[in-house]
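The following exercises ask the reader to work through the fold of one protein chain, step by step. Each task sentence is followed by a worked solution.

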Amino acid sequence: MKTRIYYDDTDVGGVVYHTNYLKYCERARSEIFFSQNRSPSENGSHFVVKSLSCNFLSPAFFGDEIEVKTKLLKMKNASMLIEQKIFREDKELFNLIVELAYIGIGAKPKKIPQDIKELLLNS
């Protein structure tokens, strides 16, 4: 997913505010579903962040065009591990390893439906 850095993404110095990198990654994960005319939240079930580890390697600035690349590392019955990297051209700016749990009504873990597994495996 490509996006542009806007003024409201930055601090007073024109540098992207650190929490926005997480937002860009979240948007890229949602975009996987939207690109297939699906929603990341269906029938009361959706993914939630269980854990994450991130590294800020180099700043992005107001006006930059960035790209978020997402790679599925591991799929389990009710969770998955994803790597996401943010680039400006060929320069890696940020990377994230995020574990997502699939939950249903009542916030209880739920088996990931096969059609969603296929969507994620083929993205």
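Two strands count as paired if DSSP finds at least two bridges between them. The model is a predicted one.

**Exercise 1. Determine the order of the strands in the sheet, and state which strands lie at its edges.**

Step 1. The sheet is open and is formed by six strands, in the order β1-β4-β5-β6-β3-β2. The pairing is antiparallel. In general, strands of a sheet pair through backbone hydrogen bonds, either parallel or antiparallel.

Step 2. The edge strands are β1 (2-4) and β2 (41-42), each of which pairs on one side only.

Step 3. Helix α1 packs on this sheet, where α1 touches β1, β3, β4, β5 and β6 (91-103). The direction of α1 makes about 60° with that of β6.

Step 4. Helix α2 lies across β2, β3, β4, β5 and β6 and runs at about 130° to β4.

**Exercise 2. Trace the pairing of β2 with β3, and describe the turn that links them.**

Step 1. β2 and β3 run antiparallel and are joined by two bridges.

Step 2. In these pairs, Ser 41 stands opposite His 46 of β3, and Glu 42 has Ser 45 of β3 as its bridge partner.

Step 3. The two strands form a hairpin with two residues between them. Asn 43, in the turn, has a positive phi of about 55°. For comparison, most residues other than glycine have a negative phi.

Step 4. Is Ser 45 buried or exposed? The relative accessible area of Ser 45 is 1%. The cut-off for a buried residue is under 20%, and Ser 45 is therefore buried.

Step 5. Leaving aside residues up to four places away in sequence, Ser 45 touches Pro 40, Tyr 102, Ile 103, Gly 104 and Lys 110.

**Exercise 3. Locate Glu 89 and Ala 107, and classify each by phi and by accessibility.**

Step 1. Glu 89 belongs to the loop between β5 and β6. These strands form a hairpin with two residues between them, in which Glu 89 takes a positive phi near 55°.

Step 2. Ala 107 is placed in the loop between β6 and α2. Phi of Ala 107 is likewise positive, near 60°, in a residue other than glycine.

Step 3. The cut-off for an exposed residue is over 50% relative accessible area. Glu 89 has a relative accessibility of 75% and therefore counts as exposed. Ala 107 has a relative accessibility of 54% and so counts as exposed.

**Exercise 4. Characterise the largest pocket by its volume, its lining and the elements that supply the lining.**

Step 1. The volume of the largest pocket is about 260 Å³. The pocket is lined by 19 residues, of which Arg 29, Phe 33, Met 80, Ile 82 and Leu 100 are the closest to its centre.

Step 2. By residue type, the lining consists of 12 nonpolar, four polar and three charged residues.

Step 3. At least two lining residues come from each of α1 (18-34), β3 (45-56), β4 (65-75), β5 (79-88) and α2 (114-121).

Step 4. Which element supplies the largest share of the lining? That element is α1, which contributes five residues.

Note on methods. Residues are numbered from 1 along each chain as its sequence is written. This is a predicted model: local features need pLDDT of at least 70, side-chain atom pairs count only at pLDDT 80 or more; totals for chains, interfaces and linings use all residues. Side-chain values use heavy atoms; hydrogens and water are left out. On a 1 Å grid over the protein atoms alone, a cavity is a set of points where a 1.4 Å probe fits but cannot get out, and a pocket is an open set with protein on both sides within 12 Å along at least five of seven lines; lining residues have an atom within 4 Å of a point. Grid points are joined across faces, edges and corners, and a volume is the space filled by probe spheres set on the points. Helices (H or I, at least four residues) and strands (E, at least two) are DSSP runs, numbered from the N terminus. Ala, Val, Leu, Ile, Met, Phe, Trp, Tyr, Cys and Pro count as nonpolar, Asp, Glu, Lys and Arg as charged, and the others, Gly among them, as polar. Contact means heavy atoms within 4.5 Å. Axes are lines fitted to C-alpha atoms, for helices over the stretch in contact, and angles run from 0 to 180 degrees between N-to-C directions. Buried means under 20% relative accessible area, exposed over 50%, partly exposed in between (1.4 Å probe, protein chains only).
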